[in-house]
Amino acid sequence: MSQVLVVEDESAIAELMSINLRHAGYEVVIATTADEALLQVDRVLPDLIVLDWMLPGQSGLSLAKRWRSQARTRDLPIIMLTARAEESDKISGLDAGADDYLTKPFSTHELMARIRAVLRRKAPEALDAAVEVGALRLDPATRRVSRESQEVRLGPTEFRLLHFFMTHPERVHSRSQLLDRVWGDHVFIEERTVDVHVKRLREALSPVNCANMIETVRGAGYRLTQQLQPVSA
């Protein structure tokens, strides 16, 4: 599930965006000030930011420039949302690093379309389309995993872990890489935590004979293969 950080100090607008984003299957975090936005991004990188220009503390324009100047946040997708509709304002927003610029009042349908478009350009793997590897299917929108007609029951962490594996199949991922991409690059937990959740994921996949898809690559990490065992009768 893609996480969208909404940086907006007008509560009605923030709530409207939150409702529509959650309905579309996104995880939503709201920040009402520049300081809250900085703290949230410092804690966990979102998949996309919807950023208001006028904020308490410092402007969204300053935030965009700051994030674009830092290696960790340089490629962070940003959509600027503001009442400033002059051409010079749009140019300033895009030059500051925004990937798109939408003026208020805005259509929620247009905002959702622009979010999907920016994610397609900047991070295709972040989109919440259903993923299939072999006979295993994962649907982020409904949070269901199945093999043919058999459903797999997963906890939230195992679901995110499998989603990452399925969107990056046949690649070896180290434990530190998995911690960064699945748990977040500012979450400080031990690497052996990955082993615990991989074990739980295999146990959950075992009833549909897909546990062997998660391979341990000795000295390197884990990888998802497309090799399957036949479903038991």
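Strands, labelled E, are DSSP runs of at least two residues, numbered from the N terminus. The legends below refer to a predicted model.

View 1. A polar contact of 3.3 Å joins the side chain of Asp-52 to the side chain of Lys-104. When neighbours within four places in sequence are left aside, the residues in contact with Asp-52 are Val-7, Glu-8, Asp-9, Gly-60, Met-80, Leu-81, Thr-82 and Lys-104.

**View 2. The aromatic pair of Trp-53 and Tyr-101.** One aromatic pair is found when the whole structure is searched. Trp-53 and Tyr-101 form this pair in an edge-to-face arrangement, with 6.5 Å from centre to centre and 80° between the planes. Because Trp-53 belongs to the loop between E3 and helix H3 (60–69), whereas Tyr-101 belongs to strand E5 (residues 100–103), the pair ties together parts that are 48 residues apart in sequence. Trp-53 is buried, with a relative accessible area of 6%. Tyr-101 is likewise buried, at a relative accessible area of 8%.

**View 3. Arg-143 and the ring of Phe-159.** The charged end of Arg-143 is placed over the ring of Phe-159. The distance from this charged end to the centre of the Phe-159 ring is 4.2 Å.

Technical notes. Residues numbered from 1 in each chain as written. Predicted model: local features only at pLDDT ≥ 70, side-chain atom pairs only at ≥ 80, totals over all residues. Heavy atoms only, no water. Polar contact = N/O pair within 3.5 Å; in protein donor to acceptor, adjacent residues only side chain to side chain. Contact = heavy atoms within 4.5 Å. Phe/Tyr/Trp six-rings, centres within 6.5 Å; stacked < 30°, edge-to-face > 60°. Helix = DSSP H or I, 4+ residues; strand = E, 2+ residues; numbered from the N terminus. Buried < 20%, exposed > 50% of the residue type's maximum accessible area, 1.4 Å probe, protein only. Lys NZ or Arg CZ within 6 Å of the ring centre and 35° of its normal.
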